[in-house]
Amino acid sequence: MATSGTVTWRPEIAEIITEAYERCLVPPGGITVQQVITARRSLNLMFAEWSVRGINYWTTSEATLALVASTRVYSLPAGTIDVLDAVVTRGGNDTTLTRLGLSDYSAITTKTTEGLPVQFFFDRQYTPQIYVWPVPENSTDTITYWQFSQMDDVTDSQQDADIPYRWTEAMASGLAARLGLKTSSVDPTRLATLTSLAETAFDYAADEEGEKAALRIIPA
């Protein structure tokens with residue numbers, strides 16, 4: 001018998017919620033509107049937790065920032081969690097920017113020195129900012145950087161989750177464990193099983209998510 005020949009399966013939020021409640025032994029017909037709302041909130045909280053458990057590579061993207069003469073601080077797009085790598089381009093040539101910690105940036109005595117930027121400090125505020133040093137002396141340089149961004153919010157059950165295929169089981173398992181905590185009919189033994197399955201599914205997905213590039217060690 002032939003296979004489907006398709007690779008388009010992508011469950012909507014509603015299907016993930018149904019699957020999670022079924023693992024809590026709540027039948028689809030018994031799911032209330034309020035339970036759907038609380039499930040969407042739990043998904044958003046879970047995605048927030050995932051963002052601090054490691055880099056979600058499907059949420060990384062390349063972005064550019066136009067520099068302005070004598071300006072050292074630039075706001076980055078909302079939802080930027082971190083800057084992974086950056087280069088500054090001048091005259092068609094790229095120069096790698098070295099990342100500084102807060103203490104190292106604070107220790108720079110002349111923060112208004114102008115020239116080709118070679119270092120940056122990423123300030124992880126509610127509105128993220130990047131500080132460059134030296135401060136650009138012209139308005140023709142650009143920074144190209146790789147950003148690690150927040151996953152899209154879940155706001156409706158008919159949406160797709162901002163999750164690739166390989167993380168679908170981790171999402172369903174994680175949501176089931178969270179809903180198990182809020183479902184009184186779930187006994188402690190089943191809750192422990194749901195929690196264990198959620199951690200296992202997350203670990204499998206996270207282990208596969210790492211960089212596949214070869215490691216090179218060059219002696220100094």
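The questions and answers below concern helix packing, strand pairing and some backbone features in a predicted model.

Q: Why are helices α4 and α5 called roughly antiparallel?
A: The axes of α4 (residues 168-181) and α5 (residues 188-209) come within 8 Å and cross at roughly 155°. Because angles over 145 degrees count as roughly antiparallel, α4 is roughly antiparallel to α5. The crossing in which α4 passes α5 is left-handed.

Q: What makes up the contact of α4 with α5, by class?
A: On the side of α4, the residues that meet α5 include A170, A176, A177 and L181, and among those they meet in α5 are L191, L194, L197 and F202. By class, this contact has 11 nonpolar, 4 polar and 1 charged residues, where Gly is counted among the polar ones.

Q: What makes β6 and β7 a pair of strands?
A: Two strands pair if there are at least two bridges between them, and β6 (residues 119-123) and β7 (residues 129-133) are joined over 5 bridges in the antiparallel sense. Within this pairing, D123 stands opposite Q129 in β7.

Q: Why is strand β8 described as largely enclosed by the rest of the structure?
A: Of the 8 residues of β8 (residues 142-149), 6 are buried, so the strand is largely enclosed by the rest of the structure; buried here means under 20% relative accessible area.

Q: Which strands pair with β8, and how do you know?
A: Strand β1 (residues 60-66) is joined to β8 by 7 bridges and runs antiparallel to it, while β3 (residues 80-90) pairs with β8 in the antiparallel sense over 8 bridges. Residue W146 of β8 is the bridge partner of E62 and also the bridge partner of D85.

Q: Why is L25 called exposed?
A: The relative accessible area of L25 is 59%, and since exposed means over 50%, L25 counts as exposed. L25 is placed in the loop between α1 (13-23) and α2 (33-50), and has a positive phi of about 65° although it is not a glycine.

Q: What is the omega of the cis peptide bond that joins W133 and P134?
A: Omega is about -10° for this bond, and P134 has its place in the loop between β7 and β8.

Conventions:
Residues are numbered from 1 along each chain as its sequence is written. This is a predicted model: local features need pLDDT of at least 70, side-chain atom pairs count only at pLDDT 80 or more; totals for chains, interfaces and linings use all residues. Side-chain values use heavy atoms; hydrogens and water are left out. Axes are lines fitted to C-alpha atoms, for helices over the stretch in contact, and angles run from 0 to 180 degrees between N-to-C directions. Helices (H or I, at least four residues) and strands (E, at least two) are DSSP runs, numbered from the N terminus. Angles under 35 degrees count as roughly parallel, over 145 as roughly antiparallel, 65 to 115 as roughly perpendicular and the rest as oblique. A crossing is left-handed if the near helix is turned anticlockwise from the far one by less than a right angle, and right-handed if clockwise. Contact means heavy atoms within 4.5 Å. Buried means under 20% relative accessible area, exposed over 50%, partly exposed in between (1.4 Å probe, protein chains only).
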